[in-house]
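Welcome to my notebook. Here is what I looked up, entry by entry.

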Amino acid sequence: MTGTENTGTGTPERNPGELSGAYALNALEARERAAFEAHLESSEEARIEAAELSDTAVALGLATAPVQPSAALKASLMAKLSSTPQLAPLAGPASTPAADAAPASPRLAAVPPVPPSAQATPVVSADPSAAGTGAGSSSGTSAAERARKRWFQRPASLLLAAAAAVALFVGGTFVGLGLAGPSGTSDSFAAQQAASLAQLNAAPDVQRASATTADGHAATLVWSDTSSLSALVVDGLPALSGDQDYQLWYIGAGGAVSAGLLDTSVSANGGTAWRVLDGSLTAGDTIGMTVEPKGGSKQPTTAPIVAIQSS
Amino acid sequence: MAPRVLGLVKRLLVDHAQSEEVTQEIFLEIWQSATRYEPARGGASTWIMTMAHRRAVDRIRSSQAGRDRDTKIGIRDLAVAYDDVSETVETRIEHERVEKAMSRLTELQRQAISLAYYGGFSQSEVAAQLHIPLGTVKTRLRDGLIRLRDELGVAS
């Protein structure tokens, strides 16, 4: 199946084509893998077979039982994301955002295509550090700080990419950002929310506290005193009947002030609902969530199903 | 995606704490390279699961933990294990589809593929475990996967 002669020398490379199965299953040692990848360079047929067998292996992976990550893992990861710079997008003809219009699976939308704004400033693909948006694996406080600053300076589409990666981890789909959701949320609202979430996660004093809602769903309040931003993240929050909405509140000494509604279009399917709160958080505020008549109320009309203090 | 990644990683590494650690590394890598993801090539879940399997295998091969794990697992039953915890309709259907396709393989192909994919063993280790020549393992892995590909209707 390959043009290589079987010389009978006993070297593993004598018929590299037969390694396609082991390659797809990650059953090759480093040296064997390098040899096989060199073979792939030279054969279109081999590349197709390798790709198909790799996709087949993925089906094996998707057939294993899912295991819920601990809350500690989620919190730890979100904390790390804020100081980990993303790599610069590759500037190449391969990626056309428009080609992404018909995703093979709903989850495809969870990872963003190369944003057009990034393509406007092409970067050298082999050298991530040459780009303004990523510092590769460079380390040290100053690098982390630069990364943090850059985060604020990124165009909205990159902020969306960042927020999408977070959404991908905490639960689910890009719909969680309201971008493609049936909920009628506008793109600009979603972009604003995503940018705020990214800014919040990048804040040097970002903190988190968790609680469980009355019906047993994990809720996390993420906040930063310096930025006055906060967000509530709830796993698997069920949808309400059509004439009701979840509403968020700042609850302080002076009573309750509305902080906006929480959309459940994703969380009802096991995903994660989140919302960056309207208004400003004051240190010590308690954030609560109630069920209100559609469109929300001026003041809460029911008892909160969850309340978390930003101590 | 996180529960699926952790599910796969834990299948290979067994140890929960270590699996969470590797899962975190995988998602950091996804985060870092999300801007380079090319949607043309498979879906996002394909990309993520491929990376997850490779990182789990890397961990097994690079650590003493991998060696310890070998002795713990031995040649245990590596059929597609599935607990009825936190299942969704989607994963249940996927599981049944794969199980059915696996049943079309010869016992020897199934054994070799399970050891390699779910056990994280290299082809040489599979050969040693099954006491068969390396060339036979290569053939079983390739023929078995091609059969699975056809049964599952995977095409690029």
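I started with a side-chain pair in this predicted model: Glu49(A) and Ser20(A) are joined by a polar contact of 2.5 Å. I found Glu49(A) in helix H3 of chain A, which covers residues 44–62. Its relative accessibility is 12%, and buried means under 20%, so I noted Glu49(A) as buried.

Next I turned to helix H7 of chain B, residues 123–130, and listed its buried residues: Gln123(B), Val126(B), Ala127(B) and Leu130(B). Where do they sit around the axis of H7(B)? They fall within an arc of 100°, so they line one face of the helix. I then checked what covers the buried residues of H7(B): the cover includes H1 (20–24) and H2 (30–42) of chain A, along with H6 (107–117) and H8 (134–152) of chain B. Just after H7(B), I saw that His131(B) has a positive phi of about 55°.

How many aromatic pairs are there over all chains? My search of the whole structure gave 2. In a tilted pair, Tyr23(A) and Phe36(A) lie 4.7 Å centre to centre, with 40° between the planes. This pair links helix H1 to helix H2 of chain A, and its residues are 13 apart. Phe36(A) is buried at 1% relative accessibility, and Tyr23(A) is buried at 12%.

I also looked at Tyr117(B) and Tyr118(B): their ring centres are 5.3 Å apart and their planes are at 85°, so this pair is edge-to-face. Tyr118(B) is buried, at 0% relative accessible area. Over its face lies Arg11(B), 4.6 Å from the ring centre.

Methods
Residues are numbered from 1 along each chain as its sequence is written. Chains are lettered from A and ligands numbered from 1 in the order in which they are written. This is a predicted model: local features need pLDDT of at least 70, side-chain atom pairs count only at pLDDT 80 or more; totals for chains, interfaces and linings use all residues. Side-chain values use heavy atoms; hydrogens and water are left out. Helices (H or I, at least four residues) and strands (E, at least two) are DSSP runs, numbered from the N terminus. Buried means under 20% relative accessible area, exposed over 50%, partly exposed in between (1.4 Å probe, protein chains only). A polar contact is a pair of N or O atoms within 3.5 Å; within protein, one must be able to donate a hydrogen and the other to accept it, and residues adjacent in sequence count only if both atoms are side-chain atoms. The arc is that of the directions from the helix axis to the C-beta atoms. Contact means heavy atoms within 4.5 Å. Rings of Phe, Tyr and Trp (its six-membered ring) pair if their centres lie within 6.5 Å; planes under 30 degrees apart count as stacked, over 60 as edge-to-face and the rest as tilted. A charge sits over a ring if NZ of Lys or CZ of Arg is within 6 Å of the ring centre and within 35 degrees of the ring normal.
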